[in-house]
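Q: Could you take me through this model? I would like the overall fold, the metal sites and the ligand surroundings.

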Amino acid sequence: MIYDLHSHTIFSDGDLSPEELVNEASAGGVKVLALTDHDTLDGLPRAEDAAKTAGLTLVRGVEISTRWEKLDIHVLGLGVDLDDSTLVDGLKFHQSERITRAQQVSTKFEKLGIEGMWEEVSQQVKTHYVGRPDFARVLIKRGVVNNFQAAFNKYLAAGKPAYVATDWASIPEAITWIKSAGGVAVLAHPGRYRITRTKLTKLLAFFKEAGGEGMEVLYSAQEASKTQDLARLSKQFGLVASAGSDFHGFSYPGMRFGALGEMPSGCQALWDSPLWQKCVN
Ligand code: AMP
Ligand code: MN
Ligand code: MN
Ligand code: MN
């Protein structure tokens with residue numbers, strides 16, 4: 001698979017710089033890469049320069065956090081302009097929500113007897129992103145947990161004691177931001193939400209109705225049967241099929257470049273659709 005349309009750098013919760021990311025993608029055989037940091041466009045200019053040097057096509061992307069029926073749902077914008085004020089202002093709002101939430105998460109940790117988390121997290125944050133993975137890193141450093149997964153399972157995931165629901169944009173709002181910036185709206189990792197298949201079909205119907213155009217069908221560390229089912233759903237709901245590793249660096253070993261396999265036949269790949277021209281210009 002030469003397309004990988006979902007990845008992260010240090011500008012959100014990834015481990016690699018944009019230059020390192022492009023080199024890692026290239027080494028994995030990727031020829032068309034989207035950088036999709038959470039709620040920020042800040043890494044894109046450097047990634048574009050690095051991609052030019054490395055001979056890759058870079059798709060300017062973003063992964064927007066949204067709230068739908070008390071769930072955190074992620075929407076990818078692919079092919080977005082960097083200077084669209086609707087998108088830029090929306091992302092600024094999310095960046096300030098992130099700071100508010102981080103302080104609330106820290107208060108929750110204090111109640112659990114784990115002090116000074118905001119102070120330590122805010123010291124290590126160097127970009128516009130502050131998120132739960134930053135808390136996971138501090139917990140690991142302090143020896144409270146051994147790894148990322150444990151930090152989420154014990155404290156940070158929805159329903160766990162340090163989880164704080166955030167007032168993210170709605171799905172229709174995020175889609176409006178993306179379209180305002182000339183991009184294509186793709187539902188991220190539909191196989192990863194902890195919901196029933198019936199609820200997933202409700203989400204897909206809502207996403208489509210709101211103007212969503214695509215969904216990830218190929219995704220890291222996903223069983224073949226799941227991929228086949230998502231391919232069927234993409235056809236059923238008229239959403240083009242995208243492919244993304246969700247590479248974050250080496251904190252998430254299951255998410256690697258060059259391991260996505262081939263798009264199942266029977267669904268329309270984003271890059272074979274008329275929408276693709278919006279992603280690459
Ligand atoms: P945030 O943007 O602060 O809500 O953090 C979300 C990020 O944390 C996701 O993009 C993942 O990288 C990571 N994450 C979320 N849930 C989990 C989980 N259950 N286990 C491990 N990592 C997770
Ligand atoms: Mn992430
Ligand atoms: Mn995500
Ligand atoms: Mn992601």
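Predicted model: local features only at pLDDT ≥ 70, side-chain atom pairs only at ≥ 80, totals over all residues.

A: Residues are numbered from 1 along each chain as its sequence is written, chains are lettered from A and ligands numbered from 1 in the order in which they are written, and side-chain values use heavy atoms, with hydrogens and water left out.

Q: How many helices and strands are there in the protein?

A: The protein has 10 helices and 7 strands; these are DSSP runs numbered from the N terminus, with H or I and at least four residues for helices, and E and at least two for strands. Its radius of gyration is 18 Å, close to the 19 Å from the globule rule for 281 residues, so the protein is as compact as a globular protein of that length. The radius is taken over C-alpha atoms, and the rule is 2.2 Å times the number of residues to the power 0.38.

Q: What share of the residues is buried?

A: Buried residues are 55% of the 281 in the protein. Buried means under 20% relative accessible area, exposed over 50%, and partly exposed in between, with a 1.4 Å probe and protein chains only.

Q: Which residues hold the manganese ion (ligand 4)?

A: The ion is coordinated by H6 (NE2), H8 (NE2), E63 (OE) and D246 (OD), at 2.1 to 2.2 Å. Donors are N, O and S atoms within 2.8 Å of the metal (3.2 Å for Na, K and Ca); water is not among the atoms, so sites may look incomplete. Along the sequence, the spacing of these donor residues is H-x1-H-x54-E-x182-D. H6 lies in the loop between β1 and α1 and E63 in strand β3 (residues 57-68), so this pair ties together parts that are 57 residues apart in sequence.

Q: H6 and E63: buried or exposed?

A: H6 is buried, with a relative accessible area of 0%, and E63 is buried at 1%. The side chains of H6 and E63 also make a polar contact of 3.0 Å, and a polar contact of 3.4 Å joins those of H6 and H8. A polar contact is a pair of N or O atoms within 3.5 Å; within protein, one must be able to donate a hydrogen and the other to accept it, and residues adjacent in sequence count only if both atoms are side-chain atoms.

Q: What about the manganese ion (ligand 2): which are its protein donors?

A: They are D13 (OD), H38 (NE2) and H248 (NE2), 2.1 to 2.2 Å from the ion. H38, in the loop between β2 (32-35) and α2 (44-54), and H248, in the loop between β7 (240-244) and α10 (276-279), are 210 residues apart. H38 counts as buried at 8% relative accessibility, and H248 is buried at 5%.

Q: How far is ligand 2 from the manganese ions ligand 4 and ligand 3?

A: The separation is 4.5 Å from ligand 4 and 5.5 Å from ligand 3.

Q: Changing topic, which side chains have polar atoms by ligand 1?

A: Among them, R101 has a polar side-chain atom 2.5 Å from an oxygen atom of ligand 1. A nitrogen atom of ligand 1 is 3.0 Å from a side-chain N or O atom of Q149, and a nitrogen atom of the ligand is 3.1 Å from one in Y252. Taken alone, ligand 1 exposes 490 Å², of which the protein buries 90%; accessible areas come from the Shrake-Rupley method with a 1.4 Å probe, and for residues only the protein chains shown count as cover.
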